[in-house]
Amino acid sequence: MSGAISPTGIPNPSTQSSFSSAGTFSVNHARRLVNDYAEGESPSDQTSKVLNAFLEHLPSESAGVVADDIISNSNDLATLADHYITSILVPIRAGGGKTPKPVSLRPGMSGDEISDIASTITPQTRNQSKLKADCLARDGNRCQLTGAYDINTMRRLLSDSEVDKLTTVDTEASHIIPFSIAAFSEADVLAAPP
């Protein structure tokens, strides 16, 4: 964004946007933080590469937002980079390089509106019993969303009176691998059980 041009054709600094000076400072400060992080970064850690790519390739206003995120999260840059990968880069890659269309959830939506959006999600129909058993074992036989125990597992492990004292649900498991990051061959897909 540029400021007003004086009659002589020279930009007037007093009318420059506040982003121009503050944004440049924060982007430079963010680059220093990322470069400091990179000095101790392991070879497999892509944090500095990801964050520097966002700072380098985004328009200046967007780079300023990323810079503010870097400055605010300077103690955990790896988590910030992972967030950018999973929230921005993977969805774009999954969409064939196109920016994905956001789902329009807004405060105050009715249950019917939310159900309509949820109905567009295709459920997994293959038997996932091994995946479910592995997930339950990993998660202490609890649902990760509600914290309730899996009713079927608890019935196998505990007496009826003990089960009655617990909050239980009939859990389901899903293993979602976006095709954009999976390595499937046509033979793998054809050999997969129905």
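Buried means under 20% relative accessible area. The model shown in these close-ups is predicted.

**View 1. One aromatic pair, phenylalanine 54 with tyrosine 84.** The count of aromatic pairs comes to one. Its ring centres, those of phenylalanine 54 and tyrosine 84, are 4.8 Å apart. The planes meet at 35°, so the pair is tilted. Phenylalanine 54 sits in helix α2 (residues 47-57), and tyrosine 84 sits in helix α4 (residues 77-94). The pair therefore ties together parts that lie 30 residues apart in sequence. Tyrosine 84 has a relative accessible area of 5%, so it is buried. Phenylalanine 54 also counts as buried, at 11% relative accessibility.

**View 2. Helix α3 and its buried face.** Helix α3 covers residues 60-72, which makes 13 residues. From first C-alpha to last it reaches 18 Å, close to the 18 Å expected at 1.5 Å a residue. Ala63, Gly64, Val66, Ala67 and Ile70 of α3 are buried. Down the axis of α3, the buried residues fall within an arc of 165°, so they line one face of the helix. Val65 and Ser72 are exposed, on the other side of α3.

**View 3. The second largest pocket and its lining.** This pocket holds about 350 Å³ of space. The second largest pocket is lined by 16 residues. Closest to its centre are Cys143, Gln144, Thr171, Glu172 and Ala173. Helix α6 (residues 129-138) gives the most to this lining, with four residues. By class, the lining of the second largest pocket has six nonpolar, four polar and six charged residues.

Conventions:
Residues are numbered from 1 along each chain as its sequence is written. This is a predicted model: local features need pLDDT of at least 70, side-chain atom pairs count only at pLDDT 80 or more; totals for chains, interfaces and linings use all residues. Side-chain values use heavy atoms; hydrogens and water are left out. Rings of Phe, Tyr and Trp (its six-membered ring) pair if their centres lie within 6.5 Å; planes under 30 degrees apart count as stacked, over 60 as edge-to-face and the rest as tilted. Helices (H or I, at least four residues) and strands (E, at least two) are DSSP runs, numbered from the N terminus. Buried means under 20% relative accessible area, exposed over 50%, partly exposed in between (1.4 Å probe, protein chains only). On a 1 Å grid over the protein atoms alone, a cavity is a set of points where a 1.4 Å probe fits but cannot get out, and a pocket is an open set with protein on both sides within 12 Å along at least five of seven lines; lining residues have an atom within 4 Å of a point. Grid points are joined across faces, edges and corners, and a volume is the space filled by probe spheres set on the points. Ala, Val, Leu, Ile, Met, Phe, Trp, Tyr, Cys and Pro count as nonpolar, Asp, Glu, Lys and Arg as charged, and the others, Gly among them, as polar. The expected span of a helix is 1.5 Å times one less than its number of residues. The arc is that of the directions from the helix axis to the C-beta atoms.
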